[in-house]
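This report describes a strand pairing, the sheet around it, the nonpolar core and an aromatic pair. The structure comes first.

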Amino acid sequence: MLFSYNWLKQYTPELPDPHTIAKILTTHAVEVEEVRQLGHFTNIVVGRIDSVEAHPNADRLRVCQVSTGDASYSVVCGGSNLSVGMLVALAKVGSQVKWHGEGELITLAPATIRGVASEGMICAS
């Protein structure tokens, strides 16, 4: 069975670190096989797509306006399933992601993709 440390912390704010919890559980209740960190998510937020337009210089790209509540970002994206009102994971400039989920982490910088500025990346699973 998997448990999210952040989920547990919502109900018990004074929890020790995950490795200490694993030792306590193993000693007093059940064996904990592993403690793993699933991701390194900094500067990645939930955004709502306000508009989706065709990229003027590329057939398979789209230009999306994504709102996070405090700001709006223009993002060039290749996703074909994007629609207005959709909630997405938005990696803002400065966040670290794996390109297509593989390899080493890269730090996102402002980019111009085929002549259109992009202020982040819409992330897929």
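In strand E4, Leu90 is the bridge partner of Val45. This is a predicted model. The bridge belongs to the pairing of E1 with E4, which is antiparallel and runs over five bridges.

**Sheet**

E1 and E4 are part of an open sheet of five strands, ordered E3-E2-E1-E4-E9 and paired in the antiparallel sense. E3 and strand E9 (120-123) each have a single partner strand and stand at the edges, so one side of each has no neighbour in the sheet. Direction ignored, neighbouring strands are turned against each other by 45° on average.

**Nonpolar core**

Leu90 is also a member of the largest nonpolar core. This core has ten residues in all: Ile49, Cys64, Val66, Tyr73, Val75, Cys77, Leu82, Val88, Leu90 and Ile122. Two or more of them come from each of strand E2 (62-67), strand E3 (72-77) and strand E4 (87-92). E3 gives the most, with three residues. In soluble globular proteins, nonpolar side chains tend to be buried together.

Which residues does Leu82 contact, leaving aside its neighbours within four places in sequence? They are Ile49, Val52, Cys64, Cys77 and Ile122. Of these, Ile49, Cys64, Cys77 and Ile122 are listed in the core together with Leu82.

**Ser51**

Ser51 lies in strand E1, which spans residues 44-54. Is Ser51 buried or exposed? Ser51 counts as buried because its relative accessibility is 19%, and the cut-off for buried is under 20%. Not counting residues up to four places away in sequence, Ser51 touches Val63, Cys64, Gln65 and Val84. Among these, Cys64 is a core residue.

**Aromatic pair**

The structure holds one aromatic pair. A pair of aromatic rings is described by the distance of the centres and the angle of the planes. Trp7 and Tyr11 form an edge-to-face pair, with 5.4 Å centre to centre and 70° between the planes. Both residues lie in helix H1 (residues 5-11), where they are four residues apart, about one turn of the helix. Trp7 counts as partly exposed because its relative accessibility is 42%, whereas Tyr11, at 59%, counts as exposed.

The table lists the accessibility values of the residues discussed above.

| Residue | Relative accessibility | Class |
|---|---|---|
| Trp7 | 42% | partly exposed |
| Tyr11 | 59% | exposed |
| Ser51 | 19% | buried |

How values were computed. Residues numbered from 1 in each chain as written. Predicted model: local features only at pLDDT ≥ 70, side-chain atom pairs only at ≥ 80, totals over all residues. Heavy atoms only, no water. Core = buried A, V, L, I, M, F, W, Y, C linked by side-chain atoms within 4.5 Å. Buried < 20%, exposed > 50% of the residue type's maximum accessible area, 1.4 Å probe, protein only. Contact = heavy atoms within 4.5 Å. Phe/Tyr/Trp six-rings, centres within 6.5 Å; stacked < 30°, edge-to-face > 60°. Pairing = 2+ DSSP bridges. Axes fitted to C-alpha atoms, helices over the stretch in contact; angles between N-to-C directions.
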